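Here's a walk through some ring contacts and a helix. Have the structure open and follow along.

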Amino acid sequence: MRILFFSNPLPERLAPLLPLARALRESGHTVAFATAVEAAPRLESDSFELMLFGPTTHEVTAEVARRVGVDILFSPATDVMAEYFAGARVDLMADEAVDRAGQWAPDLIVSEHCDLVGPLVASAHEVPCAVAVTGPAPEPEELDALTATVRSRYLDRGLQPPARTPSGRWLLHLSPPSLRHEEGPSSSPHHMAMRAEPCLGPEPQPRARRVSSTGRPKVLVGFGAEAVTSLELGPVLKALSALDVDLLVAAKGRRVDVLEGEREGIRLVPGTAVAEALEDVTAVLHHGGPDITFAAAARGVPAVVVPESPAQLRWTERLAAAGAAIVLPAGERDPATIAAGLGALLSDARFTAAASRLREEAAAMPTAVQVAEWLVTAVTAADG
């Protein structure tokens with residue numbers, strides 16, 4: 001079987017698809033990715049067949065700003081988001097995508113939920129499509145805006161527009177049930193859960209949280225695990241040190257001034273070792289990115305989240321509603337407030353208990369290998 005993946009080139013959109021792509025390839029199927037050239041470094045190590053074309057993130061952002069006069073980086077408004085994913089990106093990529101996919105002749109298209117090019121291509125070639133909800137699913141009003149915006153793109157090409165996005169025949173949920181919308185995307189008649197691991201590191205192992213050899217709780221400061229945060233980290237680490245904890249700081253290519261002189265109780269963790277660090281810490285402090293949010297939840301680690309954007313705030317509020325996190329207001333920068341949040345988390349065992357329940361939910365979800373087998377069977381049955 002030939003399977004073509006479509007994704008926005010953003011790491012948080014692309015990375016959760018990789019376990020499924022690997023599982024399909026390892027079971028003997030031909031797998032290719034269609035995305036912008038900026039995603040190449042994340043994909044090349046797996047030696048997938050690549051179709052690198054279409055606009056980069058910067059090019060889509062610039063086109064949206066030209067059309068609506070607003071930079072999406074500074075405005076999370078629903079209409080701007082819809083223009084980005086369902087308008088400008090589709091306009092800049094869809095026709096070439098239809099042509100290239102036609103030459104490649106896929107039997108199945110897999111798309112992440114904010115990629116609206118893949119489902120359109122599937123419709124054009126009458127190929128089944130599976131959509132993976134790889135992170136925080138859009139709110140109902142956002143789904144309405146995406147559906148309305150992409151509608152004309154289908155009609156202009158003589159295609160039947162979807163009644164609702166995401167519009168795949170099969171919908172794959174990568175988050176534990178407690179972290180999903182009560183009423184999530186429902187256009188697909190067939191739903192399947194898929195464990196998000198190992199999008200950030202190896203399979204989590206059930207083990208008790210440990211304190212360090214000093215007897216203090218160990219806390220992972222994970223802001224550097226995925227991207228450079230705008231948070232000024234030095235003052236935050238200084239405030240956290242007053243809590244009598246040992247700090248592991250994810251330092252992916254960044255300079256942490258407060259660590260100069262090997263400050264006692266603080267240890268650097270390479271970005272590549274974040275998953276291993278999560279196996280043996282009491283709590284984690286992070287910004288709400290999908291990779292580290294999923295990885296911590298899968299390992300039963302409670303979190304204090306300092307979201308960088310309203311979108312991350314909405315997503316991680318579900319983590320707080322599950323009782324597994326304290327989520328601060330979006331854009332919070334006060335070190336004392338952040339330290340107080342961590343202190344409250346460490347002093348209340350209910351957060352750890354709730355996080356452990358999330359780990360049990362995640363462990364019960366099908367693996368990427370199982371989902372790959374399920375998808376192949378479903379496609380074969382549909383063809384029959």
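The structure holds three aromatic pairs, where rings of Phe, Tyr and Trp (its six-membered ring) pair if their centres lie within 6.5 Å, and planes under 30 degrees apart count as stacked, over 60 as edge-to-face and the rest as tilted. Keep in mind that this is a predicted model: local features need pLDDT of at least 70, side-chain atom pairs count only at pLDDT 80 or more, and totals for chains, interfaces and linings use all residues. Residues are numbered from 1 along each chain as its sequence is written, and side-chain values use heavy atoms, with hydrogens and water left out.

Start with F33 and F48, a tilted pair with 5.1 Å from centre to centre and 55 degrees between the planes. F33 sits in strand β2 (residues 30-35) and F48 in the loop between α3 (40-44) and β3 (49-52), so their pairing ties together parts 15 residues apart in sequence. Helices (H or I, at least four residues) and strands (E, at least two) are DSSP runs, numbered from the N terminus. Both F33 and F48 are buried, with buried meaning under 20% relative accessible area, exposed over 50% and partly exposed in between (1.4 Å probe, protein chains only). Ring pairs also link F5 with F33 and F48 into a cluster.
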